[in-house]
Every structure is written in structure tokens, then in C-alpha cells.
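Student: Please take one part of this structure and examine it closely. I would like a connected account of how that part is placed and what surrounds it.

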Amino acid sequence: MSTAAAVARPGKVLADLLPASRAKDITLVVGGAVLTGIAAQIAIPVPGSPVPVTGQTFAALLVGTALGARRGFLSLALYALAGMAGMPWFAEGGSGYATASFGYVIGLMLAATAVGALARRGDDRSVWRTARAFLIGEAIVYAVGVPYLALSTGMSLGAALAAGLTPFLIGDALKAVLAMGALPAAWKLADK
């Protein structure tokens, strides 16, 4: 089997192309958490919503896809635990778990795990499968984040959907488009 065929074979994620070591895994997990924390600081307030538009979701899904399910989950769990402990790297420099948007952070852990598992099956290697993986990840984030938003603020589910889902749909479509180009292109470069 050629090296290119071995690289492109499902069962691997981008991080697996690096030489295996515990130090590499630790560095990737910490780096994924830091990337997500930095991306969360790119925040645009949404009128009428306690949840801003951030780069956090894109970073978390990219981390999960590139690192795989286990490392992606650990990276986002580290991000969540550090934020709960007071590290001001949730959206808009927030921290703690008593915020209206903490459900989205929980959803990010689950979504990173899911997209990581999909990537290991090869879903990050073609344009349409990458889009599907990202949309599944985004749906998981909302499936946890919107009900948490409703419970934490006393909003009705309809109001939480209007404040915590609807304003973000166009941005999520753009994130999926970015991933559709970036991830398959990364694999093509790795094949060379």
C-alpha cells in the first residue's frame, strides 16, 4: 500500500499523522482547549440574546475533527473545567457554570466527541461529508445549549429557540462551508 493510501485511509484523524507519543497527545489536548478559549473571545453580541456569536463552536468542532473523539472530548473537557474554575475564556471573557450559555459549553464537549468519531470514519475527507459532520456537531451543541438556556433564564422553549438558535443559523452555515474547504484540503496536503 502506498504512503498516500495509508494516510488517507479511514481510521485516522489528522492528529494521527504526527508521531505517536503521550507528550503529543497532551500538547494537542491543551492546544485544542487554548484554541477554543481564544476563539471564544471573538464575540459579537446578539440583540435580545444572552448568547453572543463566537468563534468557539467552529474551534471546538475543528478540534474534535482534527484530534478525534477521545482527544477532542478531553480538550473540550479541559476547556470547560478550566472555565468553571475561573479561567476567563468562555465567550466574552466569562467563566463559571452559572451562565446562560454554559449549556453550549457542555454541548461542545459532546459535539467534539461526535465529529471526532465521524472524522475517524473518514467524514472529514470530502466536502459533503465534512459539511454533514459539522452540521451534526452544531445540532448537538444546540440540543444541549438551547434547553439549558431556557432553564437557566426562565425562558420558554420557543423564546430560547428564538434567542439561542435562530440568530446563529447563518453563521453556522458559514462555519460548515469553511470546514468543507479546510479539512478535505488538509487531507489532500497530507497525501502529498
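Tutor: Leaving aside neighbours within four places in sequence, Gly-116 is in contact with Val-13, Gly-64, Thr-65, Gly-68 and Ala-69. The model is a predicted one. Gly-116 belongs to helix H5, which covers residues 102–120. Its relative accessible area is 0%, and because buried means under 20%, Gly-116 is buried. The C-alpha atom of Gly-116 is separated by 8.4 Å from that of Phe-73, although these two residues are 43 residues apart along the chain. Helix H5 itself has 19 residues and reaches 28 Å from its first C-alpha to its last, close to the 27 Å expected at 1.5 Å a residue.

From here the account turns to helix H4. H4 runs over residues 69–84. Its 16 residues should span 22 Å at 1.5 Å a residue, and the end C-alpha atoms are 22 Å apart, so the two values agree. Within H4, the buried residues are Arg-71, Gly-72, Ser-75, Leu-76, Ala-77, Tyr-79, Ala-80, Ala-82 and Gly-83. These buried residues pack against H2, H3 and H5. In an α-helix there are 3.6 residues a turn, so residues three or four places apart point the same way.

Two packed helices are described by the angle between their axes and the distance between the axes. For H3 and H4, the axes come within 6 Å and cross at roughly 145°, and the crossing is right-handed. On the H3 side, the contact is made by Gln-56, Ala-60, Val-63, Gly-64 and Leu-67, and on the H4 side by Ala-69, Arg-71, Gly-72, Ser-75, Leu-76 and Tyr-79. By class, the residues of this contact divide into six nonpolar, four polar and one charged.

The packing of H2 with H4 can be described in the same terms. The axes of H2 (residues 22–40) and H4 come within 8 Å and cross at roughly 50°. H2 and H4 are therefore oblique to each other, and H2 passes H4 in a right-handed crossing. H2 contributes Lys-24, Asp-25, Leu-28, Val-29, Val-30, Gly-32, Ala-33, Thr-36, Gly-37 and Ala-40 to the contact, while H4 contributes Arg-70, Arg-71, Leu-74, Ser-75, Leu-76, Leu-78 and Tyr-79. The contact of H2 with H4 has nine nonpolar, four polar and four charged residues.

The segments that follow these helices complete the picture. Just after H4, Gly-86 takes a positive phi of about 120°. In the loop between H4 and H5 lies Glu-92. Most residues other than glycine have a negative phi. Glu-92, however, has a positive phi of about 60° although it is not a glycine. With 48% relative accessibility, Glu-92 counts as partly exposed.

Beyond H5, the backbone again shows a positive phi: Gly-122, just after this helix, takes a value of about 100°. Asp-123 is found in the loop between H5 and helix H6, the latter comprising residues 127–153. Its relative accessibility is 1%, so Asp-123 counts as buried. Apart from neighbours within four places in sequence, Asp-123 is in contact with Leu-118, Arg-129, Thr-130, Arg-132 and Ala-133.

Notes: Residues numbered from 1 in each chain as written. Predicted model: local features only at pLDDT ≥ 70, side-chain atom pairs only at ≥ 80, totals over all residues. Heavy atoms only, no water. Axes fitted to C-alpha atoms, helices over the stretch in contact; angles between N-to-C directions. Helix = DSSP H or I, 4+ residues; strand = E, 2+ residues; numbered from the N terminus. Parallel < 35°, antiparallel > 145°, perpendicular 65-115°, else oblique. Left-handed = near helix turned anticlockwise from the far one by under 90°. Contact = heavy atoms within 4.5 Å. Nonpolar A, V, L, I, M, F, W, Y, C, P; charged D, E, K, R; others polar. Buried < 20%, exposed > 50% of the residue type's maximum accessible area, 1.4 Å probe, protein only. Expected span 1.5 Å × (residues − 1).
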